Amino acid sequence: MSEFNISAGSKINPTEKVFHSLKEAEKTPDLVFKLDLHYKNYSTLPGIIFHFSNLQELILINNKIESIPDEIANLQNLQKLELSGNRVKVIPDALCCLKNLKTLVLSWNELKSLPKCISKLENLEWLGLNHNKLEFLPDEISNLINLQVLLVSENELTSLPNNIGNLKKLKKLRISNNLINSIPESIGNLSNLLKFEIQENNLTNLPESIGNLNSLQKLRAYKNLLTTVPETIGNLTNLEKLLLYENEINSLPDSLGNLTNLEELDLSYNELEHLPKTISSLKGLDCLELRKNKFIPDEIIKIKDLLPDINISF
């Protein structure tokens, strides 16, 4: 059976039907492809779930689940597993057997580490681990060669694996609100990266290799301890948004003027006394935030003359 009849002249593919209750799903176990059990107050995963052998998507957001049983390995067709907003402390090795998994979201849990076997999830494209208690990422995470989105904000990370640059398909990397004090040079290998969110860490500098991120469109690096920006930032000619506010930046490179696609530039709350003259090339800016710096009145006039048509906030 490949289709359900809903009404005369109307059909739906069973793989698109979403079951919202186990009672309903048990009636046709072989036809359960998507199961959404969010806000069900579960403290454990109901055992019946592991009998839905065709299950492709399992949503268990905002329950009270504390552990993932080894039976999870029975769901060999699973492509999406969402367990955000639970109390999970450990990812079992059994989960690493889900070779077809493309999306794994365990944000807002109590994870302190990831198993090395996570490297086996070679088809994983989206890994969400925001708001846990992770202190480090294993080197093995670099084997997730199909990963496109990695979200690990609001953890307790102090560094990134040196081989993070192996994730060549990565399009979005969010490591904000951690304790990271440096970015590996290998980051420059992420040539497909579009969004890089490194705000609210302890970064004192950005690697020179950041200039190799030719596809980058958005860079959020505010609320760090940066004092300078590398000259190579000027290579990011596709950059549209650059947020550097609340750092300790006292100078900017002339290459900043190369960022002609820039629409938003926020340099407020830094230690700047002047801007490079090349900033006059940033004709596409919608707004330029320069509040709470150290510009004297003459410098403010110069900046306004360089960008007469831009909305500037001092």
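User: How many aromatic pairs does the structure hold, and what counts as a pair?

Analyst: Let's take the general idea before the case. Rings of Phe, Tyr and Trp (its six-membered ring) pair if their centres lie within 6.5 Å; planes under 30 degrees apart are stacked, over 60 edge-to-face, and the rest tilted. In this structure there are two aromatic pairs. For tyrosine 222 and tyrosine 245, the ring centres are 4.3 Å apart and the planes meet at 5°, so this pair is stacked. Please keep in mind that this is a predicted model, where local features need pLDDT of at least 70 and side-chain atom pairs count only at pLDDT 80 or more, while totals for chains, interfaces and linings use all residues. Residues are numbered from 1 along each chain as its sequence is written, and side-chain values use heavy atoms, leaving out hydrogens and water.

User: Where do tyrosine 222 and tyrosine 245 lie in the chain?

Analyst: Places are described by helices (H or I, at least four residues) and strands (E, at least two), which are DSSP runs numbered from the N terminus. Tyrosine 222 sits in the loop between strand 12 (218–220) and strand 13 (241–243), and tyrosine 245 in the loop between strand 13 and strand 14 (264–266), so the pair ties together parts 23 residues apart in sequence.

User: Are tyrosine 222 and tyrosine 245 buried or exposed?

Analyst: Buried means under 20% relative accessible area, exposed over 50%, and partly exposed in between (1.4 Å probe, protein chains only). Tyrosine 222 and tyrosine 245 are buried.

User: What is the geometry of the pair formed by phenylalanine 295 and phenylalanine 314?

Analyst: This aromatic pair is edge-to-face, with 6.1 Å from centre to centre and 90° between the planes. It links distant parts of the chain, 19 residues apart: phenylalanine 295 is in the loop between strand 15 (287–289) and helix 2 (297–306), and phenylalanine 314 is in the segment after strand 16 (312–313). Phenylalanine 295 is buried at 13% relative accessible area, whereas phenylalanine 314 is partly exposed at 32%.

User: Which cysteines form a disulfide?

Analyst: A disulfide is a pair of cysteine sulfur atoms within 2.5 Å. The structure holds one, formed by cysteine 96 and cysteine 117 with their sulfur atoms 2.2 Å apart. The link of cysteine 96 and cysteine 117 is right-handed, with 60° about the S-S bond. It joins distant parts of the chain, 21 residues apart: cysteine 96 lies in the loop between strand 6 (80–82) and strand 7 (103–105), cysteine 117 in the loop between strand 7 and strand 8 (126–128). Cysteine 96 is buried at 1% relative accessible area, and cysteine 117 is buried at 14%.

User: Which residues is asparagine 214 in contact with, beyond its neighbours within four places in sequence?

Analyst: Contact means heavy atoms within 4.5 Å. Leaving those neighbours aside, asparagine 214 is in contact with Asn235 and Asn238. Asparagine 214 is in the loop between strand 11 (195–197) and strand 12, and is partly exposed at 43% relative accessible area.

User: How many helices and strands does the protein chain have?

Analyst: The protein chain has two helices and 16 strands. Of its 314 residues, 50% are buried.
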